[in-house]
Amino acid sequence: MSEQAAMRPPIESGCPDGFQYMHPTMIRNYGNWAYHEDPEPGVLLHVAKSGDKIWTVRCGTQRILDLFTLRKLCDIADEYADGFIHFTIRSNVEYMVAKEEQVQPLIKAIKDAGFIVGGTRNSVAMISHTQGWLHCDIPGTDASGVVKSMMDELITEFQEWNMPNRVHITTSCCQINCGGQGDIAINIQHTKPPKINHDLVANVCERPSVVARCPVAAIRPALVNGKPSLEVDEKKCICCGACFPPCPPMQINDAEHSKLAIWIGGNHSNARSKPSFQKLVAAGIPNNPPRWPEATAIVKRILKVYKEDAKDWERINDWVDRIGWPRFFELTKLPFTKFHVDTWRGARASLNASTHIRF
Amino acid sequence: MVKKYETPMLDVLEEGPWPSFISGIRRLANEHPKEMIQEMTHSLLGQLEHSYETRKGYWKGGTVSVFGYGGGIIPRFSEVGDAFPASREFHTLRVQPPAGNYYTSSMLRQLADSWEKFGSGLVTFHGQTGNIMFIGTTTENTQHFFDEINEYGWDLGGAGPCVRTAMSCIGAARCEQSCANEHKIHRMLVNNFLDDMHRPALPYKFKFKVSGCPNDCQNAIERSDFAVIGTWRDDMVVDQDQIKYYIEKKGRKYIIDNVVNRCPSQALSLNDDDTLDVDNRNCVRCMHCLNVMPKALSPGSDHGITLLIGGKRTLKIGDMMGTVILPFMKLETEEDYERLVEIAEETIDFFAENALEHERTGEMIERIGLVNFLEGIGIDVDPNMISSPRQSSYVRMDEWDQEAEKWNERQAEKAAS
């Protein structure tokens, strides 16, 4: 009884009101902004219809923040940025200031503290990523480590405006793809069916829901060694790993056979073309901690060709739409295989039913 | 004595110019005054190194929640807890951020102080669904930490088959392209469904995302079940002096190549006197020309939203974009906002009743057809919902006359109003 009395019912307050944490210049001009300029990489200047101005300085961090780092970010806000902080969808930190003379000291403080100013306009933005080995229950690889390794090599592209248009990179540690769509996406691709621990299945897994979870109906109930379990038709299995989350004894992750694949051309914006999904360009890349050099090398190769060949304002999908996929594979020297030809539902729509061919 | 582990592979991630998450965790392990934090983070580094060596993850889910709720926590129990006992329980609390992700340092410090009492000292702003992720605490401290921050205004987000934490862009607070009050839409929608968020009982997850313009910085169309996108329906605003200024600065060829020729519906043309001609009836509000020349071109003033339903990621039948359900809706009066919430209620009710277990809204629509879904939520068909009409003649159409009559009636009503 005493324990129950101690339980405190939650206050279901939901999503907090953001206005209480908003810079006063932003509150004052809410819904009344006129235009913006980009004074330098990592810095935005927004001008309101009232004439008020606000400068934003954007910086990249390690995303997994320890309390020391979080307080360091707060110290910078207190000393240089009126105490306000905004986080972007790609986990960058933004400081907003209402006076131009605050901008350079703020940039200096951010750099001195070890954070990286950039990520605006036609740069390579911060890689959006997931939890990986640090915290996920089904990861095929790490997330923060892959991103740290890649950003170490792409840091100049984050800090400068070298790209034809912005480049959003994402990573995902399984084929559910929590990292989302990206101009370039580096995702786990399993290549072998799950290894089943039949002793555990009956106790751990709700078998009908595991059967239902399979996208290709390759799982069926079976008696194995006299125990109720599940079996996989390995000829049908696409090695996606969808059975692993609801049934951990169906281990999909494999130190050797869980590979990385690279996809390009995902674009969430409606600008120019309609939003697009990413397409497979490379696979079979070793999952190679702690630095994943093979994956980074391919990303850099794609970026180099994109930078040289795309026109201003073309996102990666716009660029490939213009030059065509054969040219993409020619320029990047990535092998084109039978696995690039889609076999999933709606696949015929991805085939070339015309004589539109570039020579 | 705090147990430490050799981590040669992770040590490599302390090198290089980008800020290192390993250095941050190690600083907690070596320098934080609190022994609990030292122990947990050393142990975490040990397990992570083990993952790097064996290329496997060692966390398993389970059932952990706070009193009164059924979700909001990502439970993590270590499968190798005997080797790394101090992080044997390492749960994450998903906490809803303020709409738009605005923070002050004093509020962040308050959260940091609470987390220091009860957790590992690791936090992320934000996870891919949009939650503040407080990473790493025990089952017992999950409750204590929640109790403390809940008292000063923070609530858990969603985890499991439920309405999830929403996301909205910075929008009207700092962006000239914003055509909506993202903040208000976000809070009205999600705060109307807190019961569905905190007590997971839907077929699967349901996500709201709000972007103030078709640039869709929140990836709403691609990754939310209910995507609200700001737009406008009158003419875009053109400042011809600024157009001339851009041409002077960048050259005529640049404007032709990068603005006029990139218009997806060929709605732009450059006049001989270097003014810009806009065919507003054929402008699809893609945002490209406004992005290139934000000083010269702006959205019109007849703002509203487009609603798309059914976006999602890969599991189970493949990636899906949201589909247009409402081409345009004004959001001016309180009744307008209430109507939007009502559509969300209809959608979630229909989803709850008709989706299969672990089926997302978009997959349900794929299975039953858009028209059945529209009839279920009481919305009429509209040619803006499709890319093209049907190509296959294999359909039964004996109610054609009645359906054509409905369209004619709606058109007549529209003409009369």
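How many helices and strands are there in chain B? Chain B has 15 helices and 16 strands, where helices (H or I, at least four residues) and strands (E, at least two) are DSSP runs numbered from the N terminus. The structure described here is a predicted model, in which local features need pLDDT of at least 70 and side-chain atom pairs count only at pLDDT 80 or more, while totals for chains, interfaces and linings use all residues. Residues are numbered from 1 along each chain as its sequence is written, and chains are lettered from A and ligands numbered from 1 in the order in which they are written.

Chain A holds ten helices and 15 strands, and its C-alpha trace spans about 80 × 75 × 35 Å along the principal axes. For chain B, the C-alpha atoms fill a box of roughly 80 × 60 × 40 Å along the principal axes. A residue is called buried if 20 or more other C-beta atoms lie within 10 Å of its own, exposed if 12 or fewer do, and partly exposed in between, with C-beta atoms placed from the backbone. Of the 359 residues of chain A, 50% are buried; in chain B, buried residues make up 52% of 417. Two residues are in contact if their C-beta atoms, placed from the backbone, lie within 7 Å. In chain A, 64% of the contacts with a separation of 6 or more involve residues 24 or more positions apart.

The domain assignment divides chain B into domain 1 (1-159), domain 2 (167-232 + 303-416) and domain 3 (237-298); such bounds come from an automatic or database domain assignment. The centres of domain 1 and domain 2 of chain B, taken over C-alpha atoms, are 35 Å apart. Eleven residues from domain 1 of chain B and 14 residues from domain 2 of chain B take part in their contact. On the domain 1 side, these residues comprise three nonpolar, eight polar and no charged. In this grouping, Ala, Val, Leu, Ile, Met, Phe, Trp, Tyr, Cys and Pro count as nonpolar, Asp, Glu, Lys and Arg as charged, and the others, Gly among them, as polar.

The two chains also meet each other: 104 residues of chain B are in contact with 93 residues of chain A. Helix H4 (residues 105-118) of chain B gives the largest share of the chain B side, eight residues. That side divides into 47 nonpolar, 36 polar and 21 charged residues.

Across the chain boundary, three bridges join strand E4 (residues 64-66) of chain A to strand E6 (residues 122-125) of chain B, with Thr124(B) as the bridge partner of Ile64(A).

Beyond its neighbours within four places in sequence, Val123(B) touches residues including Leu65(A), Leu70(A) and Trp115(B).

Some backbone details also stand out. Most residues other than glycine have a negative phi, and most peptide bonds are trans. Trp313(A), not a glycine, has a positive phi of about 75 degrees; Trp313(A) is buried, with 20 other C-beta atoms within 10 Å. A cis peptide bond joins Pro289(A) and Pro290(A), with omega about 5 degrees, and Pro290(A) lies in the loop between strand E15 (279-285) and helix H8 (293-309) of chain A.

Definitions and conventions:
Two strands pair if DSSP finds at least two bridges between them.
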